Amino acid sequence: MSKNRPFALSIAGLDPSGGAGILADTKTFEQHQVQGLAISTANTIQTDCKFYEIEWTSLDFVLRSIKKLFKNYPVKSVKIGIVPSFFYLNEVVSLIKKLSPNTLIVWDTVLKSSTGFEFLAIENQSDLQQTLSKIDLITPNYEEIMQLYPNFIAEKLWVKNELPTAILLKGGHNHTALGTDYLFLKSNIIELLPTKINFRPKHGSGCVLSSAITANLALGYDLKTACLEAKIYIEKYLNSTSTLIGHHYV
């Protein structure tokens with residue numbers, strides 16, 4: 001056991017291609033000098049360009065795994081990826097906060113895979129609000145924020161102080177300001193500009209970004225700095241290869 005590195009946990013799916021899910025997350029943790037732990041919410045059959053099958057891990061198994069890991073390791077931050085339902089997600093985040101109230105939680109709002117497979121549907125807005133209030137940051141793209149909050153842009157929900165958590169709205173699908181991310185905090189909005197113009201798309205880029213943020217939080221950075229540092233990391237990752245699978249660099 002490392003005594004010098006902080007612990008971060010990924011609770012996400014297993015992608016055998018290694019481009020997304022817990023494999024991508026733990027690679028990212030390692031590059032940040034963070035000791036990575038992982039719990040699989042699902043086994044998948046997929047490649048970087050096609051999704052075939054998924055088998056979900058039972059909620060009880062995941063919860064038992066969380067209890068054991070938190071009993072043995074001081075987990076500073078947690079990244080959550082794909083889950084089959086908001087009930088499942090709520091049970092996971094509720095247990096984490098019960099076991100370790102100061103552990104920070106980042107949810108990468110993967111509602112469907114980059115290859116088009118849908119994981120999670122929004123069924124009850126009040127359940128959504130209750131669950132998100134226990135999470136420290138979510139990282140949706142423009143398509144996902146409109147599924148979570150259809151009136152997010154039109155009604156400027158951040159102005160009304162109705163957001164239950166901090167939101168990093170990713171700019172990969174923002175055609176008016178491509179690559180510009182917006183960090184919505186309760187007090188203000190922080191614009192995160194890209195440092196480059198052209199990027200090569202990558203399978204699992206959202207996983208890498210959210211796990212980089214999680215790693216930076218484990219290292220003690222505040223939310224703004226964690227997101228800024230993660231943006232630098234993901235830009236290097238996006239341009240690391242000409243294929244859909246990227247390479248991780250410090």
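**Close-up 1. Phe-51 sits in strand E3, which covers residues 51-56.** Welcome to this predicted model; we begin with a single side chain. Phe-51 has a relative accessible area of 11%, and because the cut-off for buried is under 20%, this residue counts as buried. In sequence, Phe-51 and Lys-67 are 16 residues apart, while in space their C-alpha atoms are 31 Å apart.

**Close-up 2. Helix H1 packs against helix H6.** Here you can follow H1, made of residues 21-31, alongside H6, made of residues 205-218. Two packed helices are described by the angle between their axes and the distance between the axes. For this pair the angle is about 40° and the axes are 9 Å apart, so H1 and H6 are oblique to each other. The crossing of H1 past H6 is right-handed. On the H1 side, the residues that meet H6 are Gly-21, Ala-24, Asp-25, Thr-28 and Phe-29. Their partners in H6 are Cys-207, Val-208, Ser-211, Ala-212, Thr-214 and Ala-215. Sorted by type, the residues of this contact comprise six nonpolar, four polar and one charged.

**Close-up 3. Gln-33 lies in the loop that links H1 to strand E2 (35-46).** Take a moment for the backbone here: phi of Gln-33 is near 60°, a positive value in a residue that is not glycine. With a relative accessible area of 43%, Gln-33 is partly exposed.

**Close-up 4. The largest nonpolar core has 46 residues.** In soluble globular proteins, nonpolar side chains tend to be buried together. Good places to start exploring are Leu-9, Ile-11, Ile-66, Ile-80, Val-92, Trp-107 and Phe-152, which touch the most other members of this core. Helix H3 (residues 86-99) supplies the largest share of the core, seven residues. Zoom in on Val-92: leaving aside residues up to four places away in sequence, Val-92 touches Ile-11, Leu-59, Val-62, Leu-63, Ile-66 and Ile-80. There is also a second, separate core of 21 residues, and among its members are Val-106, Ile-190, Cys-227 and Tyr-233.

**Close-up 5. Ser-242 is found in the segment that follows helix H7 (223-238).** Is Ser-242 buried or exposed? Its relative accessibility is 64%, so Ser-242 counts as exposed. Ser-242 and Pro-201 are 41 residues apart along the chain, and 8.7 Å separates their C-alpha atoms.

Definitions and conventions:
Residues are numbered from 1 along each chain as its sequence is written. This is a predicted model: local features need pLDDT of at least 70, side-chain atom pairs count only at pLDDT 80 or more; totals for chains, interfaces and linings use all residues. Side-chain values use heavy atoms; hydrogens and water are left out. Axes are lines fitted to C-alpha atoms, for helices over the stretch in contact, and angles run from 0 to 180 degrees between N-to-C directions. Helices (H or I, at least four residues) and strands (E, at least two) are DSSP runs, numbered from the N terminus. Angles under 35 degrees count as roughly parallel, over 145 as roughly antiparallel, 65 to 115 as roughly perpendicular and the rest as oblique. A crossing is left-handed if the near helix is turned anticlockwise from the far one by less than a right angle, and right-handed if clockwise. Contact means heavy atoms within 4.5 Å. Ala, Val, Leu, Ile, Met, Phe, Trp, Tyr, Cys and Pro count as nonpolar, Asp, Glu, Lys and Arg as charged, and the others, Gly among them, as polar. A nonpolar core is a set of buried Ala, Val, Leu, Ile, Met, Phe, Trp, Tyr and Cys residues joined through side-chain atoms within 4.5 Å. Buried means under 20% relative accessible area, exposed over 50%, partly exposed in between (1.4 Å probe, protein chains only).
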